[in-house]
Every structure is written in structure tokens, then in C-alpha cells.
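Subject: Structure handover and notes

Hello,

Here is the structure we talked about. My notes follow below it.

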Amino acid sequence: MIPITSFAGQTVALFGLGGSGLSSALALKAGGATVIVWDDAPARIEVARARGLTASDLAGIDWDGVAALVLSPGVPLTHPEPHWTVRLARDAGVEVIGDIELFVRERRRTCPEAPLICITGTNGKSTTTALVAHLVRSLGLDVQMGGNIGTPVFDLEPPVPGRHYVIECSSYQIDLAPSLDPTVGIHMNLSPDHLDRHGTMENYAAIKERLVAGSRSAVIGVDDPMSAAMADRLALSGKRVRRISGHLPQTDGVYGDGGRLMMANQGRQERLADLAGIDSLRGRHNAQNAAAACAALLELGHAPERIAAALRTFPGLRHRMQIVARRNGTLFVNDSKATNADAAAWALASYPRIYWIAGGKPKTGGIDPLGEFFPRIVRAYLIGEAAEAFARTLDGKAATEICGTMDVAVARAAADAALDPAAEKVVLLSPACASFDQYPNFEVRGDAFVAAVEALDGASETEGDA
């Protein structure tokens, strides 16, 4: 745990006792603060009390004695309207902050020299976060990874010189972190998302921009117009900006060029790394992820050749185009995180010959937007509620088989792929659907795919061997 000492001797109110909220409350208490917690869920309140925290309805406390309201990222700050605790805090002149703000204050207070790399963006931030942490670790350095990727920041080890923090930040967390100041800030891209919480695309973009605006060095993706404008704006303000792209050449930055990763400095371009053959980094979107991670390491002063060597050993992120095994010349890929057609498109674009496992609880629009990729599909093995509808969409465009369940789909796809003489073929779980018809979440669905693959005769693990 990282104790939060910046509120020692003061009273802090906290609303929202999920993973990050409970962790923040315990860290505040460990640092000497008086913490009053509350949640809409009685079960979470009881867990907090069992951990020694004081729980009281924040509607009835004296706000004049409160130093700050710590708000869970999942609780509305502004849209569709401020949460009732936010209104109470603002009426009393109490600042409203979140877990990331608490963390950056504690780092500045106790060990500002500990490098902090923060990553945001609509898509790709989790893979990029995992890749940055992998590169830092592969260089023999102390690294702690957390934030929106899963581990609450205060469950990490405390800051010490040389300990690198790689933190994924959602827009909700950034909105609650007014003094966010990473050593390197990475912004990947922008597309419409979470507008119910941010109101407009412009407001959403402005929140994302805060992360890189507060950084010592900004790494910014320029593959969409709003992010490119962000890079230009910060560069004109005097901020150090390194632009990155999955496919657009840059004069200063890092970018993908086919199977290569290029770096450019004042118009001089040279190869940084080869991506060809790194199965965990297939596709244009992963070229952007790799460019961002490598740019961050370059900003930290690491040698290009060492970064390139570490890149080759990246195993990928679980459930996001995760390489599970090779069997009889077939690659097995777990992309269970692809819960809609837009997400599945990245995986379908990355392989030329696909035995596709798809289906689940369908999303609006189904798989109609994926029509350009249907010629790549040798056969589709359909599961869950969407099976019949997907079969109708694919009729006349790709062969289909309604399998119903994951184990049947994996067995049938593996058997068919084994008979395929093509040099490059993949059994791909990229469902383009939510999981809730058969599984509690996409992680459990992905684990079921992995278990079914491991049950096949002759399957071999390949994580980390790329």
C-alpha cells in the first residue's frame, strides 16, 4: 500500500467504495487522515466497516470540517448532472478529487524523482500501458503498473527513486485530477465515447488533453484530426511533443511503416524496430501502440536498440489479441475484449485467413459494419444469442456453422484449420458481442476459449516467444 500523507490530521469524505475507492480510503487512513466513507450499495459499506473505516451518510455530515471529497471515477462529476455529494461539497467550498490526484500529490510530496508515465486515449490505452511496463521491466528497471488497467494505484509499492509508475488513466480519472503531472504523458487517439458523462466531444477531448498538457514530455497520436490538433496546439505553446502514428510518416516522432517502426528527428528518419513476426503486435492499431510505448521510452532516455530488443518479447495483453497457442501450424488468438463490431475489426484486419469464432449477446448493428473483412473468413463458428442473426448476415459471403458453445466452436475450428494447407491461418475468438448471454464478463469468456484450446491435442503455449 501507498499511504496518503498529504491529508494527515484532516477529515476527508469519500464516496464510492469499489476497488479504487476502498483502496483510496484505506490509504488515506494509513496516512493519518480521518476518513468518512459512503456508497449507494449497503454491501460495500459493510465491507468498508469490516476493514476499520468509518461509514456515515455524507448527506448528514458537517461539510465545514471536510478538507476534500474523494469521488470514485464511476460517479458523475458534471454530466448528466453532478452527483449529490459533488453539489454538497461545492456548496461548502470543498475540492472534489479522485484517486489519481491523490497519487500525484503523494508522489510530489515523497519522491518526485520517481518516473511517472500516464496513458490515456479512447482505444489502445490498456495494451500501450502493458507494453510500456513490459519495456521498462525488460530493461531491468523497477516498474509498478496500475490505475484503470486493474490494480488501484494505492495497492502499488510506495515511490522510491528509480521506481517507474506506469498508470492507465480513464477520462473520468483525469477529470478528477487537476494537477496531474506525469514525466511522460501519452495520449493515443480520440473517437466518440462516454459522451453521457462528458456532454460533448469537445469537452471529452479537453479532458484527455489535460494529461499531456501537464506532462514534462507529451507523446500524442496523430491518426485522428482532434488528436493531431491537440499535438499542434501543445507544440505551439512550447510543450515538448513527440508525435506517433500507426501509419502516417512523421518528421519528429515514431510511426509505423508496414512491418517496421520508424523514428524521426528533425526530418531524419531511421528504423527503430521490426514489427513483422511479433504476433502480439499485429495490425495498424498495434503499430500505433508500439510507437507510443517506444516513444515514451525514448523520452526517458533509453537506447533505441535496447527498446527494440525488449519489444520482441512482448506477450500481449490477456483477451486483447492474445496469442494463446500454435497447433498444427495454426495460431490461436483470444480477442474476447472485442465486444462490438468496431473492436472486432482490428483483429479481422490483422490476419489474412481466419477461422472466426463470433457471437454472444448482440450489439446494435450486429456485424454488418465488418463486411469488408468477410473475404478473409474461411468459416465462421457462431455461438450464443447472435448465432442465427450472424449466420443470416454472412449468408453468401462466408461459410458458417452454428456451434452454440465455446468448446464446440474451438474443436470444430481447430479441426478445419488443421486441414488447411495455407502457411498462415488463425483460429480467432473476436466475438463482436457482449458476453452476458453465456458468461459474466469478457474475461471469463476469454478464459473459456483458452481452456478449450489447451484441451486440444498438440496445443503449445506461445506467449512471449514472438
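Thr-183 is buried at 10% relative accessibility, where buried means under 20% relative accessible area, exposed over 50% and partly exposed in between, with a 1.4 Å probe and protein chains only. Thr-183 is found in the loop between α6 (171-175) and β9 (184-187); helices (H or I, at least four residues) and strands (E, at least two) are DSSP runs, numbered from the N terminus. From Thr-183 to His-79 the separation is 104 residues in sequence and 30 Å in space, C-alpha to C-alpha.

This is a predicted model, in which local features need pLDDT of at least 70 and side-chain atom pairs count only at pLDDT 80 or more, while totals for chains, interfaces and linings use all residues. Residues are numbered from 1 along each chain as its sequence is written, and side-chain values use heavy atoms, with hydrogens and water left out.

Backbone points

The peptide bond from His-79 to Pro-80 is cis, with omega near -5°. Pro-80 sits in the loop between β4 (68-71) and α3 (84-91).

Met-321 has a phi near 50°, a positive value in a residue other than glycine. It is found in the loop between α11 (304-311) and β15 (322-327), and Met-321 is buried, with a relative accessible area of 4%. Asn-328, in the loop between β15 and β16 (330-334), also has a positive phi near 50°.

Strand β12 (residues 253-257) runs antiparallel to β13, and five bridges join them; two strands pair if DSSP finds at least two bridges between them. The two form a hairpin with two residues between them, and Gly-258 in the turn has a positive phi of about 65°. Within this pairing, Gly-256 has Leu-261 in β13 as its bridge partner.

Leu-261 and Gln-438 are 177 residues apart in sequence and 40 Å apart in space, C-alpha to C-alpha.

On to the next pair: β13 and β14 are antiparallel over six bridges, and Met-263 stands opposite Glu-270 in β14. Here too there is a hairpin with two residues between the strands, and Gln-266 in its turn has a positive phi of about 50°.

At least two lining residues come from each of β11 (240-245), β13 (260-265), β14 (268-274) and α10 (284-299). By class, the lining has five nonpolar, two polar and six charged residues, where Ala, Val, Leu, Ile, Met, Phe, Trp, Tyr, Cys and Pro count as nonpolar, Asp, Glu, Lys and Arg as charged, and the others, Gly among them, as polar.

Strand β19 and its neighbours

Strand β19 (residues 377-383) is largely enclosed by the rest of the structure, because five of its seven residues are buried. Strand β17 (residues 354-359) pairs with β19 in the parallel sense over six bridges, and Ile-354 has Ile-377 in β19 as its bridge partner. Strand β20 (residues 399-404) is also parallel to β19, with five bridges joining them; Leu-382 is partnered by Ile-402 in β20. β19, helix α13 (residues 387-394) and β20 make a right-handed β-α-β unit, meaning that with the strands pointing away from the viewer, the path from the first strand over the helix to the second runs clockwise.

From the UniProt record

The unreviewed UniProt entry places the feature "binding site" at Gly-121, Thr-122, Asn-123, Gly-124, Lys-125, Ser-126 and Thr-127. UniProt positions are given in the numbering used here, feature names are shortened, and annotations may be inferred rather than shown by experiment. Asn-123 lies in the loop between β6 (116-120) and α5 (125-138), and counts as partly exposed at 39% relative accessibility.

Over residues 319-433 the chain is 25% helix and 32% strand, and the end C-alpha atoms are 14 Å apart.

Regards
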